[in-house]
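Welcome, and thanks for taking a look at this one with us. Here is a short briefing to read beside the sequence and the model.

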Amino acid sequence: MLQGALYSTSELDFSIVQLDPTFNLGSYECTPISYRNVMLRSKRSGASPVRLGSVLIHYRKDEKTFRHFLQTVVVDEKPKLKEILSCGTYGETALINAIQSVLPKASERSMRCFRHLQNNMQSALSSFGVLGRQRECIEDIFGSIDKDGIYQVGLLDAESPEEFDYTLL
């Protein structure tokens, strides 16, 4: 993994390390690790650029495979990376279990990627028969940008239980 991922171990300014085993290459699976290099900023957007770290090409998406990958790449190459504070995943149980085993600090703060969570919610809404209103429901939860480019808050933007309840109404 690249040196920049070390910034994912600092409480002051850290990046969520993304592990996304969603690329299918025929008989193989592909799991890239990515992170934002918080030491760099885009002049245009002000955001830190996403950087690609190590990539696992594998046959199986099982806990043993993911644990070996994390142990070899993260811990053996750069022991400091064992202190990674947060991982973002697609939500696969095998990967989450491997993270809990190899990266104990990250397992406490790991989360699903918003895009994957939104896709899962859209599928669930369809299965519940909520048709034609899926986008509206997702925007109510995640927020949206209106036609004038102004961000409209969603339920996830609530900063207190009271604000959440108020927004829910």
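## Overall picture

Along its sequence, the protein runs through the pattern β-β-β-β-α-β-α-α-β-α-α-β-β-α. That comes to six helices and eight strands. Please keep in mind as you read that this is a predicted model.

**Confidence**

- The mean pLDDT of the protein is 82, and 89% of the residues score at least 70.
- Helix 2 (residues 93-102) has the highest confidence, at 90, while strand 6 (residues 111-112) has the lowest, at a mean of 70.
- A word of care applies here: where pLDDT is low, the predicted coordinates should not be read in detail.

**Surface and packing**

- The protein has 169 residues, and 35% of them count as buried.
- Its accessible surface amounts to about 10700 Å², with 54% of that belonging to carbon and sulfur atoms.
- If you take the contacts between residues at least 6 apart in sequence, 46% of them join residues at least 24 apart.

**A nonpolar patch on the surface**

- Leu 25, Tyr 28, Leu 52, Val 55, Ile 57 and Tyr 59 make up a nonpolar surface patch, and together they have about 600 Å² of accessible area.
- Strand 4 (residues 50-58) supplies the largest share of this patch, with three residues; Leu 52 lies in that strand.
- Gly 26 sits in the loop between strand 2 (23-25) and strand 3 (28-36).
- Gly 26 counts as exposed because its relative accessible area is 59%, over the 50% cut-off.
- The C-alpha atom of Gly 26 is 9.7 Å from that of Tyr 59, although 33 residues separate the two along the chain.

**Salt bridges around Lys 61**

- There are seven salt bridges in the structure, and a network of them links Glu 29, Lys 61 and Glu 92.
- In general, side chains of opposite charge can pair when their charged atoms come close.
- Glu 29 and Lys 61 pair through their side chains at 3.6 Å, N to O. This pair links distant parts of the chain, with Glu 29 in strand 3 and Lys 61 in the loop between strand 4 and helix 1 (63-76), 32 residues apart.
- Lys 61 also forms a salt bridge with Glu 92, at 3.4 Å, N to O. Here too distant parts of the chain are linked: Glu 92 is in the loop between strand 5 (87-89) and helix 2, 31 residues from Lys 61.
- Glu 29 is buried, at 14% relative accessible area, and Glu 92 is buried at 17%, whereas Lys 61 is partly exposed at 32%.

- Gln 134 belongs to helix 5 (residues 134-142) and is buried, with 13% relative accessibility.
- The side chain of Gln 134 makes a polar contact of 2.2 Å with the side chain of Ser 126. Beyond its neighbours within four places in sequence, Gln 134 is in contact with Gln 122, Leu 125 and Ser 126.
- Glu 139 and Arg 135 form a salt bridge, with their closest N and O atoms 3.0 Å apart. They are four residues apart in helix 5, so about one helical turn separates them.
- Arg 135 is exposed at 65% relative accessibility, while Glu 139 is partly exposed at 28%.
- Gly 143 lies in the loop between helix 5 and strand 7 (144-145) and is buried, at 14% relative accessibility.
- Leaving out residues up to four places away in sequence, Gly 143 touches several residues, among them Ile 138, Tyr 151 and Asp 157. Val 153 is ten residues away along the chain, and its C-alpha atom is 4.6 Å from that of Gly 143.

Notes: Residues numbered from 1 in each chain as written. Predicted model: local features only at pLDDT ≥ 70, side-chain atom pairs only at ≥ 80, totals over all residues. Heavy atoms only, no water. Patch = residues over 30% accessible without salt bridge, like charges linked within 9 Å, V, L, I, M, F, W, Y side chains within 5 Å. Areas by Shrake-Rupley, 256 points an atom, 1.4 Å probe, with all protein chains shown as cover. Salt bridge = Lys/Arg side-chain N within 4 Å of Asp/Glu carboxyl O. Helix = DSSP H or I, 4+ residues; strand = E, 2+ residues; numbered from the N terminus. pLDDT = per-residue confidence, 0-100. Buried < 20%, exposed > 50% of the residue type's maximum accessible area, 1.4 Å probe, protein only. Polar contact = N/O pair within 3.5 Å; in protein donor to acceptor, adjacent residues only side chain to side chain. Contact = heavy atoms within 4.5 Å.
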